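Please look through the structure below before reading on.

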Amino acid sequence: MNRLPRWLAHHVAALRVVVVLTLALGLLYPLAMTGIAQAVFGRGADGSLVEKDGKVAGSELVGQSFTGTDGEPIKRYFQSRPSAAGDGYDPGATGAGNQGSESVVDVLPDPADPESGKLSLLTQVCARSKAVGELEQVSGARPYCTSDGVGAVLGVFREQGLSGRTTRVVSLNQACPATPFLAAYEGVAVECAKPGDDYSKALVVPVRGDAPAHPVVPADAVTASGSGLDPHISPAYADLQAPRVARERGLSLDRVEDVIKQNTTGRALGFLGEPGVNVLTLNLALDRES
Amino acid sequence: MYGWLQALFVLTLLVVLHVPVGDYMARTLDGGRHLAIERRLYRICGIDPDREQDWRHYLLALMAFSVLGIAALFALLTLQGSLPWSLGHPGMSWELALHTAVSFTTNTSWQNYAGEATTGHLAVMAGLGVQGFASAAVGMCVGLALIRGLIRRGGTEIGNFWVDLVRSVFRVLLPLAVLFGIVLICMGVQQNLDGAQAVNTVAGGTQTLIGGPVGSWEPVKLMTGDGGGFFNASSAHPFENPSSLSDSLEILIMLIVPTAFIRTFGRMAGNLRLGWTMLTVVGILFGLLLIAGNLAQAAHTGTVAQAVGAQTEGTETRFGIPASTLFGVSATASADGALNASYDSFSSLGGGVLLAAMMLGEIAPGGTGSGLYGLIMVVLVAIFLGGLMVGRTPEFLGKRIGFTEMRFVVLYSLVSPTLILAFTGLAVGLPAGVSSMGNVGAHGLTEVLYAYTSNVNSNGSAMAGLNGNTMFYNLTMTAAMFIGRYLPIAFVLALAGSLVRQQPQAVTAGTLRTQGVSFVALATGVALIVALLNFLPALSLGPLADGLLG
């Protein structure tokens with residue numbers, strides 16, 4: 001070693017250290033941890049799997065969709081939150097929607113290709129709120145949402161671009177032939193939006209409307225989680241769904257409320273995080289009852 | 001209310017624990033005897049552990065180790081398909097592999113790919129995990145070298161890189177990883193070598209659960225400032241972070257080593273009061289960020305947030321909004337970059353707070369090792385300015401902060417803003433940069449600014465709406481990470497080399513005292529003002545415009 005020039009010796013040493021670290025930290029450490037975990041914490045280490053009728057039906061940590069093949073909610077099951085993971089609750093494509101709070105204008109689909117276009121976060125929220133409202137037979141109204149469940153957003157053209165007299169107003173998220181949520185704005189009749197038209201010169205004006213600031217449909221029911229696999233819903237959303245599930249299953253509301261309580265995790269140590277209702281274990285418990 | 005209690009709980013625990021951990025690190029990392037097993041390891045690797053290095057050789061050894069680490073990881077990632085435990089994933093494309101190799105070796109761990117769809121168990125364990133440990137240890141080495149420059153009396157040697165590396169890994173990081181890993185597994189984090197398992201769901205559909213050695217990965221990801229998720233969703237994923245209890249622990253794990261290192265500095269300098277003073281500066285900066293973040297998130301001023309009624313988009317039910325904010329501030333202020341919620345869907349100003357946390361230069365408490373040397377740089381600027389203001393000699397621990405020293409400090413401070421603003425300007429000026437934005441307008445600019453800030457500062461936190469897996473972003477981010485990590489390290493080591501030669505001066509009435517309220521205010525002010533001068537214009541066009549004009 002000592003005959004090598006010092007700069008070269010550094011590289012030889014570096015190569016050997018990389019090999020040693022790879023063996024110690026890259027193989028020995030994780031494999032030893034796996035051995036300990038499997039020996040001592042078998043169930044958790046295996047992913048906290050749950051069974052239905054003797055077969056693995058998922059993990060109690062990972063949320064699932066409770067929709068039919070048509071994508072519609074199955075009414076006898078509590079519904080999970082919206083999910084941005086793949087087609088919904090896909091552990092192979094975890095993640096969030098990643099749209100910001102000012103994502104309010106849709107790219108409307110081309111009538112020839114209904115799959116094209118891109119919904120803004122606002123319209124997704126409005127559409128979910130409307131759907132949940134209909135399913136639970138309550139009002140799905142929200143601020144900044146139209147009654148047909150899209151974002152209530154106007155594109156306002158003014159004489160000098162940002163200022164001056166209003167010359168033209170378009171309801172950006174309502175594709176023709178929809179009736180605009182507002183008949184007139186600043187004395188100008190509101191038009192429906194034509195897909196493909198360029199409204200980028202218009203000033204974007206979201207319209208609050210008169211919906212209550214605290215809508216009936218809870219916040220977690222209309223927003224996707226960070227992972228797309230959120231196993232929980234808020235107790236408020238569970239309570240909203242309870243009457244429907246009780247009706248569909250022929251159980252008393254009290255009984256369903258009891259099962260909700262049994263599947264609710266409170267704040268850890270009484271003050272860490274938020275309470276949540278585990279939808280998978282809740283539905284499994286109800287399946288065992290009826 | 002509960003959010004503040006949780007923050008108070010985690011941060012109190014952190015301050016209590018940083019004392020024994022910091023003292024242990026001071027005792028075990030510097031001086032003392034080599035263990036028999038370490039001696040054997042040095043012999044195998046052809047290292048003379050008792051021969052110290054001047055700053056040039058220290059840097060040379062560090063770069064040799066880092067570049068070989070990049071090469072080894074690059075090879076593993078591109079050849080993954082032909083190796084065992086690949087779970088059927090093919091090798092990465094060369095540009096993605098290069099980006100990923102540099103990303104993990106520089107302690108950034110920005111991921112332009114989704115873990116569950118790209119990397120098998122071998123790549124995670126023997127590739128990314130090894131560099132997680134190694135890159136954190138490299139940061140600790142540089143921190144140790146700078147401390148020695150400040151406390152040694154003459155000579156040219158600033159330590160032996162290999163000894164610092166081996167001790168950082170085997171005496172500090174690995175034991176803590178085993179401890180934290182076992183506790184996390186106990187809390188429900190999975191740890192197995194399974195592949196994908198298809199199950200029939202309760203509603204009659206199918207779901208494919210993905211196994212893996214997550215429990216041994218989490219401490220590496222969190223403690224080392226690494227931050228890259230085993231899965232794409234990182235600590236939002238219930239397998240990585242199953243409960244609010246594990247969430248609190250994960251926040252603690254992110255902050256513990258960088259915070260304890262401040263204590264280590266105080267202990268090694270024989271001046272515990274200095275450690276507390278610097279911790280106070282860090283605490284004030286962190287507190288300001290946390291308060292700003294919570295206020296911005298709770299105000300939910302954005303249109304969508306008002307429609308929803310709360311900032312719940314992209315957050316997990318079990319954590320809630322305040323805990324997501326606490327995690328976000330901790331992950332960006334500590335250079336870790338993990339996430340338990342979608343930062344892209346934070347309120348515009350809340351996202352701006354995370355961006356500001358990185359723009360402070362990763363000092364509150366910053367990355368593992370790198371946080372300490374970044375903080376010392378800020379302290380040196382403060383001492384220099386303070387000295388100019390009151391006409392006292394700028395000295396730190398008896399070492400004069402003269403022209404040579406300040407030149408290195410200033411060069412260090414210029415690297416990050418220059419790179420961030422230049423690359424962001426380049427990206428928004430080219431179609432290849434603009435086409436990857438996930439949102440339009442001011443929010444799109446925020447995404448790009450966030451990306452380069454995160455890459456240059458070795459953070460790895462992401463606003464995931466930006467599609468980084470393009471030739472343009474892979475290559476420019478690779479350059480940003482490499483230069484943003486190693487050029488500042490070179491300046492720090494050069495500074496250490498310059499400081500170590502000096503005989504310390506006696507403390508006199510003419511020495512600026514580095515303690516007390518006025519010094520804390522001065523250092524905190526310097527950190528804030530330097531960051532604001534550098535980044536206010538860019539912040540105004542991004543998150544501020546997004547949040548105020550909305």
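Where in helix 15 of chain B does a kink lie? The model is predicted, and in it the kink is found at B:Leu414, with a bend of about 25 degrees. Helix 15 of chain B covers residues 403-429, 27 residues in total. From its first C-alpha to its last it reaches 38 Å, close to the 39 Å expected at 1.5 Å a residue.

The buried residues of this helix include B:Glu405, B:Phe408, B:Val409 and B:Tyr412. Also among them are B:Val415, B:Ser416, B:Leu419, B:Ile420 and B:Phe423. In an α-helix there are 3.6 residues a turn, so residues three or four places apart point the same way.

Chain B also touches chain A. The contact takes 97 residues from chain B and 99 from chain A. On the side of chain B, helix 3 (residues 55-78) gives the most, with eight residues. The residues of that side divide into 48 nonpolar, 42 polar and seven charged.

Chain A is assigned three domains: domain 1 (6-45), domain 2 (49-97 + 225-289) and domain 3 (100-223). The centres of domain 1 and domain 2 of chain A, taken over C-alpha atoms, are separated by 39 Å.

Chain A also has an open antiparallel sheet of three strands, in the order 8-10-9. Strand 8 (232-233) and strand 9 (264-265) stand at the edges, each with a single partner strand, so one side of each is left without a neighbour in the sheet. Two bridges join strand 9 of chain A to strand 10 (residues 276-278), and A:Thr265 stands opposite A:Gly276 in strand 10.

Methods
Residues are numbered from 1 along each chain as its sequence is written. Chains are lettered from A and ligands numbered from 1 in the order in which they are written. This is a predicted model: local features need pLDDT of at least 70, side-chain atom pairs count only at pLDDT 80 or more; totals for chains, interfaces and linings use all residues. Helices (H or I, at least four residues) and strands (E, at least two) are DSSP runs, numbered from the N terminus. The expected span of a helix is 1.5 Å times one less than its number of residues. The bend at a residue is the angle between axes fitted to the seven residues ending there and the seven starting there. A residue is buried if 20 or more other C-beta atoms lie within 10 Å of its own, exposed if 12 or fewer, and partly exposed in between; C-beta atoms are placed from the backbone. Domain bounds come from an automatic or database domain assignment. Two residues are in contact if their C-beta atoms, placed from the backbone, lie within 7 Å. Ala, Val, Leu, Ile, Met, Phe, Trp, Tyr, Cys and Pro count as nonpolar, Asp, Glu, Lys and Arg as charged, and the others, Gly among them, as polar. Two strands pair if DSSP finds at least two bridges between them.
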